[in-house]
Amino acid sequence: MLERRCIRLVTAVLLAAAFGLLAIESRTAALDSPTPPAQQKPGEEKTAEQVYQNIQVLNGLPASDLDGVMEFMSASMGVGCTHCHTNPWASDVKSTKLATRKMIVMTRNLNKESFSGNPAITCYTCHRGQHNTEPQPPIDIAVSPAPDATLPANRSAALPSIGEVIERYIRAIGGDAMIEKLTTRVARGAETTTNRMTPPLTLPIEITQAAPGKLLIIRSDPRGAAVEGFDGGKGWTKDVGGQREMTGKELAVTKREADFFRYLKIKETYPRMRVLAKEKIGDREAYVVGATSRDDDRERLYFDSQSGLLVRRYVSFKTAFGSIPEVMDFEDYREVSGVKLPFTIKWSRPPFGFVRKFSEIRVNEVVDDARFEQRAR
């Protein structure tokens, strides 16, 4: 049952590349044994302790911020939710959960007393993505010192203009005329999800999109298919546990991810862009572009300096405790009816991630609009 709950929560997020995450005092606990609601003003968001059970040090935190806080701590320590939790999730049986509460109080006090309340000290300050902290310098530090951060950085080579980078990308994927001809896209393959709690899970996946913004994702599971859809206005999910309509942040993220031309008509998606630097992605160099989307989200886009193709999207995912890197990599571009599309997509926001490998992508197939609509129960 615990594994199934984890998979369902992780799967819901991977669809829209945004998670309804498992938490230290998790929403799962609230679903199993809800806390009676406290009195609050109309329109005022409930706090964590009003929604979840056994909140002891995160009192006053908006309930909607709790998942992000849990994800930040998980990423900072390189662990999954079950490092601190067991079922039921509100339980205090694990000593790691008790220690975490002490660490939260410690960092809060340090920031309050020494940094005017600013989050200068976080879990990552000491843990650096590891379970244990290292109190002593490494034995080879005398002969292998870290680079001197005070030395002036080398001047980078001359960078191309943003117009040159984007026009080269558009030509590389097929050109504006070919992009305008696209109406639908159907991708079939396999998706492997990871969460640092359970073994990697690989399931068949089919993603159907229709311009300008309709989406249907079907994951085949021996226990029954999991389906998420967006009809251009409403979002919904359906699996063996039932059917529900998306709301709030989940709906907003799904709507954004359903944008058919998001990475094709890139100048419309990101009206403000500028070239920042040239960096390496693996063994290849890429131009780094700072981009602000129509929704005023700030991202970084990486374009291969040789092929011109988009190879990475980076965004800093903000939480109440700090920011976590969210990375999406685009690989294995192949031509499909005159347009180059990535057949491998990797997404990561610690501790969760997925790899989608498509065996087939078809464009401009006839797709019935009714497929995207929520069915009567």
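1. A quick definition to start: a residue is called buried when its relative accessible area is under 20%, exposed when that is over 50%, and partly exposed in between, using a 1.4 Å probe and protein chains only. By that rule Asp-304, at 6% relative accessibility, counts as buried. Keep in mind that this is a predicted model, where local features need pLDDT of at least 70, side-chain atom pairs count only at pLDDT 80 or more, and totals for chains, interfaces and linings use all residues. Residues are numbered from 1 along each chain as its sequence is written, and side-chain values use heavy atoms, with hydrogens and water left out.

2. Let's stay with Asp-304. Which residue does Asp-304 form a salt bridge with? The partner is Arg-284, and the closest N and O atoms are 2.5 Å apart. (A salt bridge here is a side-chain nitrogen of Lys or Arg within 4 Å of a carboxyl oxygen of Asp or Glu.) The pair links distant parts of the chain, with Asp-304 in strand β9 (residues 298-304) and Arg-284 in strand β8 (residues 284-292), 20 residues apart. Strands, at least two residues of E, and helices, at least four of H or I, are DSSP runs numbered from the N terminus. Arg-284 has a relative accessible area of 40%, so this residue is partly exposed.

3. Salt bridges turn up elsewhere too; the count comes to 27. Asp-369 pairs with Lys-214, the closest N and O atoms being 3.3 Å apart. Asp-369 sits in the segment after β13 (352-363) and Lys-214 in strand β3 (residues 214-219), so this pair ties together parts that are 155 residues apart in sequence. Another salt bridge joins the side chains of Lys-346 and Glu-331 (3.5 Å, N to O). There is also a network of salt bridges linking Glu-71, Arg-262, Glu-299, Arg-313, Glu-326 and Arg-349.

4. Now for the inside. A nonpolar core is a set of buried Ala, Val, Leu, Ile, Met, Phe, Trp, Tyr and Cys residues joined through side-chain atoms within 4.5 Å. How many residues does the largest nonpolar core have? It has 47, and those with the most contacts inside it include Tyr-169, Phe-303 and Phe-358. The largest share of this core, 6 residues, comes from helix α7 (residues 162-173). Apart from it lies another core, of 17 residues, among them Ile-55, Leu-66, Met-70 and Ile-324.

5. Not counting residues up to four places away in sequence, Phe-303 touches several others, including Val-165, Ile-166, Tyr-169 and Ile-266 (contact means heavy atoms within 4.5 Å).

6. Have a look at helix α5 (residues 95-114), where you'll find Lys-97. Is Lys-97 buried or exposed? At 1% relative accessibility, Lys-97 counts as buried. A polar atom of the Lys-97 side chain lies 3.2 Å from the backbone oxygen of Ala-90. Met-106 is in helix α5 as well, but this residue is partly exposed, with a relative accessible area of 38%.

7. Last stop: Ala-190, in strand β1 (residues 184-194). At 28% relative accessibility, Ala-190 counts as partly exposed. Ala-190 and Val-355 are 165 residues apart in sequence, while their C-alpha atoms are 8.2 Å apart in space. Val-355 is also one of the residues that Ala-190 touches, along with others such as Thr-202 and Arg-356.

Terms used: Polar contact = N/O pair within 3.5 Å; in protein donor to acceptor, adjacent residues only side chain to side chain.
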